[in-house]
Amino acid sequence: MKSGLKIIHWIVLLWLLVTILRFDLIINYLYLIISYIGLLFTNASSALNVLSFSLVDASLSTLLFLLIVPLILFFRNRVPFLKSKLNFFFAFFVVLVFVFLFAPIITNKNPEFSKNLAVTKLLPPLSTVKQLELKSDKKQNSFDAEEFIIKLQQIIKPSFNDKIILADSVALAERVIYFQKSKALEIEKEKLIDKEGHIIIKEKYFLLGTDEFGRDLFSRLIYGTRISLTVGICAVILSFIIGIILGFIAGYRGGLLDIFLNRFTEIFLAFPVIYLVVLILALFGSSIISVIIVLGISGWMSLFKIVKSEVLSIKQKDFFSTAELVGLKKSQLLIKEILPVILAPVLVNLVFLFSNVVLAEAALSYLGLGTGNSYPSWGSMISSGQEYITKAWWLIAFPGLGLIFTIYTFNSSGRMLVKLFNPRLKE
Amino acid sequence: MKSDIVKTLFTRFFSSLLTIFLLVSFLFIIIRLSPGDPTDKYISAKLGSELSEKIAEKFSLTQPVTDQYFSFVENVFKGDMGVSYNYRLPVFEVIWEYFSFTLVFASISFILQIILSIWLALWIIKKRNKWLDNFVANTLLFIYSVPAFVLGVVLIYVFSVNLNLFPISGLKSLDYDYLPFFSQILDKIHHLILPLITLTAAGVALFYKYVKESIDEVIQNTFIVNLRASGVNEKTILKKHVIPNAIRPLISVAGIELGIILGGTLITEVIFSLPGMGRLAIDSILSRDYPLVIGCVFTAGAVMILANFFADIIKLKLDKRLVKGILN
């Protein structure tokens, strides 16, 4: 255990990597935060109007990203997990956490941005296109707020921007000629943004290529990870709450409710749940909230069984009856006496549940019933990739790999936890 | 003893009936809770309120909810789940046409899963190689982690698009009707190979784990050591003593596994556009054919409940000691 790469090293390595690759972006975000705070003091009402989810998201990510260094230094000796040996699963887990927390830093392309389809449609990984930018016709610096919005749009890319032209290649003559597929188009030099007389031609880089609408696959993957993990975490928390409470009631009280719940779990455990989930989503409409609720509700049964059987055995222990006699409330009994005891099996169950939920969410999106078309999602990416399977392998490969590794990671960690909590199984 | 078995069977049968009843009630609650006017789902709202009132009356939507509930339950048990909007046929007629495919498809996969996993587990146990054991366990865990739709799409990409060995989708070739009978079967098998791999892979991984654990547990028993000491050869021990004992706990796993397969067929049928109940359900959701969707969900649930019932009966047949156990 003393030598070799540890998790803490991996975290620092990833942090350094992101910092080096995205240094100017982080600086830009910081600048944005500072100027926003400035705006808040000078012109509070317009500052609140400007506030958007992506701005909050980017600011929080940046602050958290910078906080990681002191946090790691602080927890270095306090959390043994950080010092454990690195293996593939932990490494991938850390990457997932990074992607989840720092998505705006890892990619600054908007996952929904789509422009000049003829040029950007189904580009293979590692391809580039030329980018021309039109001058904005608005007069600048009339208000503080307006200036801020312009800066904001330069840094946090909106999903639509008509000031950008993407082209396969650009030729400079008296006028600027650019090519989109076989079409040649012209534009006056004066309309484009220039720097001391030279037209700025940027290169737009697509690390993992683009999808059928010319959207950047890499940023879709990054934001899709976020959606999947968010759905997974929320659904698991919901299952956890339902399972714990019902399990406690059934185990502690017994009676008619216990019998009814037993029947109910029996149906659910044996039932092809996907049919039911599909029915409910079809009847109630599919949004991210309804997916979370449905997956949360369809996952609590195994937890219920564990909690119930544990509660039944704990009920007979001395410490529990003492706590009862002292006069603790039901909720206190559950939180103080039972939860610590059943934490190990419940934790294992939650990890497996999480991988199931991520899988289910992806499957639902694949079927067209998941978080919908409003968010990028691994499942829907694979489903649209299947239509272009003869032309574009990357549409399936990258979301597929992300999904497989995520589920594999959580299944393996679940197994490791089982071994950790039941040392007897090692033999 | 005999009366005990009959009593067990009866109780088990009634509890299955009760479960089906609960399922029906559950479906009713979900349908009634769902937003929107049921008549809107049947006719366009543009056709005027008079027509929708007429339909509401015809569907007995004007009656109190309890009456609706009782007539719903009654109709379901009579085998009447309404008329499909798209097919204009009774729901069960449509479902039966598609369900037969799903049944055959799922059964083949189920049998394959059992055979392959038991065979693999036995092979590993005979090898007695710790490294190989771990390797297979890890590989299978990885396979188990591959979602069916990823596996299916990858298989299509490799074997259909690149190698051109198998068809991309469907169950029949274009010239299917002109083929002689024998080639028709071959054609279907040819179309079913990729879907079967997709559906079976994860199941083998899951089943293998249970089989392996179960066999390992049986082998550690003292009576096996006794048999070995008495000089019975390994093959006989495995065949006559280990496997029969190891298989028993697997039957209840098989009941649950069947549920997973039924869910898996839904995805597999969509990937490969096969004419099964799962794709029927998804298609009818996308075309808002609600009676058909509800029919599919009910059928899936009822099949599962029946399967578990039969799994219990088989268990009872194999081991009479379980008579009391099943009742709980």
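This is a predicted model: local features need pLDDT of at least 70, side-chain atom pairs count only at pLDDT 80 or more; totals for chains, interfaces and linings use all residues.
## Helix axes at the contact

In general, a pair of packed helices is described by the angle and the distance between the two axes.

## Residues where the two helices meet

On the chain A side of this helix pair, A:Tyr275, A:Val278 and A:Ala282 of α11(A) take part. Their partners in α11(B) are B:Ala281, B:Ile282 and B:Ile285. By class, the contact of α11(A) with α11(B) consists of 6 nonpolar residues, with no polar and no charged ones.

## The contact between chains A and B

Taken as a whole, the contact draws 36 residues from chain A and 40 residues from chain B. Five helices of chain A each supply at least two residues of the side that touches chain B: α10 (255–270), α11 (273–284), α15 (330–366), α16 (378–387) and α17 (394–421). The largest share of that side is the 10 residues that come from α11(A).

The side of chain A that touches chain B can also be divided by residue class. It holds 28 nonpolar residues, 6 polar and 2 charged.

## Chain B

Chain B contains 13 helices and 0 strands. Read from the N terminus, its elements follow the order α-α-α-α-α-α-α-α-α-α-α-α-α. The C-alpha trace of chain B spans about 85 × 60 × 40 Å along its principal axes.

Chain B has 328 residues, of which 32% count as buried. Where residues of chain B at least 6 apart in sequence are in contact, 71% of those contacts join residues at least 24 apart.

## A position in chain A

A:Asp24 lies in helix α2 of chain A, which runs over residues 23–42.

A:Asp24 and A:Asp211 are 187 residues apart along the chain. The separation between their C-alpha atoms is 27 Å.

Note on methods
Residues are numbered from 1 along each chain as its sequence is written. Chains are lettered from A and ligands numbered from 1 in the order in which they are written. Two residues are in contact if their C-beta atoms, placed from the backbone, lie within 7 Å. Helices (H or I, at least four residues) and strands (E, at least two) are DSSP runs, numbered from the N terminus. Ala, Val, Leu, Ile, Met, Phe, Trp, Tyr, Cys and Pro count as nonpolar, Asp, Glu, Lys and Arg as charged, and the others, Gly among them, as polar. A residue is buried if 20 or more other C-beta atoms lie within 10 Å of its own, exposed if 12 or fewer, and partly exposed in between; C-beta atoms are placed from the backbone.
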